[in-house]
Amino acid sequence: LSQLIHIRFAELRHLREYSSHAARRATTTTTATLFTRTLLCTLALWLLLTLSSKLSPPLLPNPDSDHPHHDSMASSALRGLKTVVKGQKMMEGGGVPVYRTIGTSAMRNLDPFLMLDEFKSPSRDAEMGFPNHPHRGFETCTIMLRGSVEHGDHGGNSGVIGPGGVQWMTAGRGIVHSEFPKSKGDEMLHGFQLWINLPKKDKMCKPRYQDYQGDRIPIFQGDGYSVRVISGEHSGVSGPVTLRIPGFLFDVRLEGSGSKKFSHDFPADWNSFAYVYETEGEGALAGRDPVPRASHVLANDGTTLEASTEGTLKFLLFAGKPIDEPIVQYGPFVMNTDEEIQQAFMDYQSGRLQSSDVEMIT
């Protein structure tokens, strides 16, 4: 605008010189008239430019451009890593060595998950097993990779979980059972036991077993990876174990030559963790280096978990919707109040906890 005004006043100077040069052919009135007209044109141009700048719509961002907002939304979809809890060695039952992650001072629980133990030793080192002990108010899941475990309860129910097999036990109002290795000597015994909380409305439900051998666990075969779907669904494959809360359990294995990648989507508000039981070579789990014999607690900052490796990466993946209720735990009893824990002890001592009405699903 300033340049336009400058041009107009330059034209005005030329007009004045022209008026002086043509004074004998024009009157002073004519020169004044030209000056006035030029000034009016300049003011009109200034007014037009001012109004147009105020009335023009603001520039809108191009939806096809690389806008920072789109980038941040894309990155927020990936689930990150909150913390890594390494296994703490301890002796359980009759002297069985286990490595515990969830259920320690490092992480007391991860609602709805209460505890995770890995046991991996020659069968002879675990032959003392887990003699009769009670449970109330939660569920247990035993996952076998190698070796066999035999279980029995106060009601006379018994069975053997072989390699690749899974037992899901709902203790509910109460059960007393035992677990001992069926395999012997140097045969490797390798498996896991997970404890899962029950909501208040289900803590006194009917006890139930879900026993499935390895050939009953469906497998999704991807490009360079496989998923044993114990519960929940992955890529159209559904597991046989039914849960009382929304969630899933997978045994994920990335192995073989070349680069391999696994991903799975689930709600951001579900709590989840991955327990790495074997890793070799360069890899990533939720964007970080995988740590063997450790629970990788995932953040609630996205909906997609990714894992990749150039070598081997095997892990159990657990996820569940939080129950969001008070947790009062004393040994094998998990309830909502101290009074309910006291009642569980009294029921166990009196024999009322050991109901013979147990549902079996195989």
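User: In which sense do β13 and strand β14 pair, and over how many bridges?

Analyst: This is a predicted model, so what follows describes a prediction. Strand β14 covers residues 225-231. One of the paired positions is Q221, whose bridge partner in β14 is S226. β13 and β14 pair in the antiparallel sense, over three bridges.

User: What is the strand order of the open sheet of seven strands?

Analyst: The pairing in this open sheet is antiparallel. Neighbouring strands are turned by 20° against each other on average, direction ignored. The order is β1-β21-β19-β23-β17-β14-β13.

User: Why is one side of β1 and of β13 left without a neighbour in the sheet?

Analyst: β1 spans 81-86 and β13 spans 219-221. Both stand at the edges of the seven-stranded sheet. One side of each lacks a neighbour because each has a single partner strand.

User: How many bridges join β1 to β21?

Analyst: β1 and β21 run antiparallel. Among the paired positions is K86, with A294 as its bridge partner in β21. The number of bridges joining β1 to β21 is five.

User: Which residue of β21 is the bridge partner of V276?

Analyst: Strand β19, residues 271-280, pairs with β21 in the antiparallel sense over four bridges. In the sheet order, β21 stands between β1 and β19. K86 has A294 as its bridge partner in β21, and the bridge partner of V276 in β21 is also A294.

User: Which residues are buried on each face of β21?

Analyst: Strand β21 covers residues 294-298, and five of its five residues are buried. Both faces are covered. One side has A294, H296 and L298, and the other has S295 and V297.

User: Which strands are at the edges of the open sheet of three strands?

Analyst: The order of this sheet is β18-β22-β20, with antiparallel pairing. Its edge strands pair on one side only. The twist averages 15° from one strand to the next. The edge strands are β18 (260-265) and β20 (283-285).

User: Which residue in β22 stands opposite G283?

Analyst: β20 is joined to strand β22, residues 304-309, by three bridges. The two strands run antiparallel. The residue of β22 opposite G283 is T309.

User: Is T304 buried or exposed?

Analyst: T304 lies in strand β22. Its relative accessibility is 14%, and the cut-off for buried is under 20%. T304 therefore counts as buried.

User: What is the length of the polar contact that joins the side chains of T304 and D265?

Analyst: Leaving aside neighbours within four places in sequence, T304 is in contact with A77, L78, R79, S263, H264 and D265. With D265, the side chain of T304 also makes a polar contact. The length of that polar contact is 2.5 Å.

User: Which residue has a side chain joined to that of R208 by a polar contact of 3.3 Å?

Analyst: R208 is found in strand β12, residues 208-212. At 14% relative accessibility, R208 counts as buried. The polar contact of 3.3 Å joins its side chain to that of T242.

User: How far apart are the end C-alpha atoms of helix α4?

Analyst: Helix α4 has 13 residues, 338-350. At 1.5 Å a residue, these should span 18 Å.

User: Within what arc do the buried residues of α4 fall, seen down its axis?

Analyst: In α4, I341, A344 and D347 are buried. The buried residues pack against β24 (328-330) and β25 (333-335). On the other side of the helix, E339 and Q349 are exposed. The buried residues line one face of α4, because they fall within an arc of 120°.

User: What is the relative accessible area of E339?

Analyst: E339 has its place in helix α4. Its C-alpha atom is separated by 9.7 Å from that of V328, which is 11 residues apart along the chain. E339 is exposed, and its relative accessible area is 56%.

User: Which residue just after α4 takes a positive phi?

Analyst: The phi in question is about 90°. The residue is G351.

Methods: Residues numbered from 1 in each chain as written. Predicted model: local features only at pLDDT ≥ 70, side-chain atom pairs only at ≥ 80, totals over all residues. Heavy atoms only, no water. Pairing = 2+ DSSP bridges. Axes fitted to C-alpha atoms, helices over the stretch in contact; angles between N-to-C directions. Buried < 20%, exposed > 50% of the residue type's maximum accessible area, 1.4 Å probe, protein only. Polar contact = N/O pair within 3.5 Å; in protein donor to acceptor, adjacent residues only side chain to side chain. Contact = heavy atoms within 4.5 Å. Expected span 1.5 Å × (residues − 1). Arc of directions from axis to C-beta.
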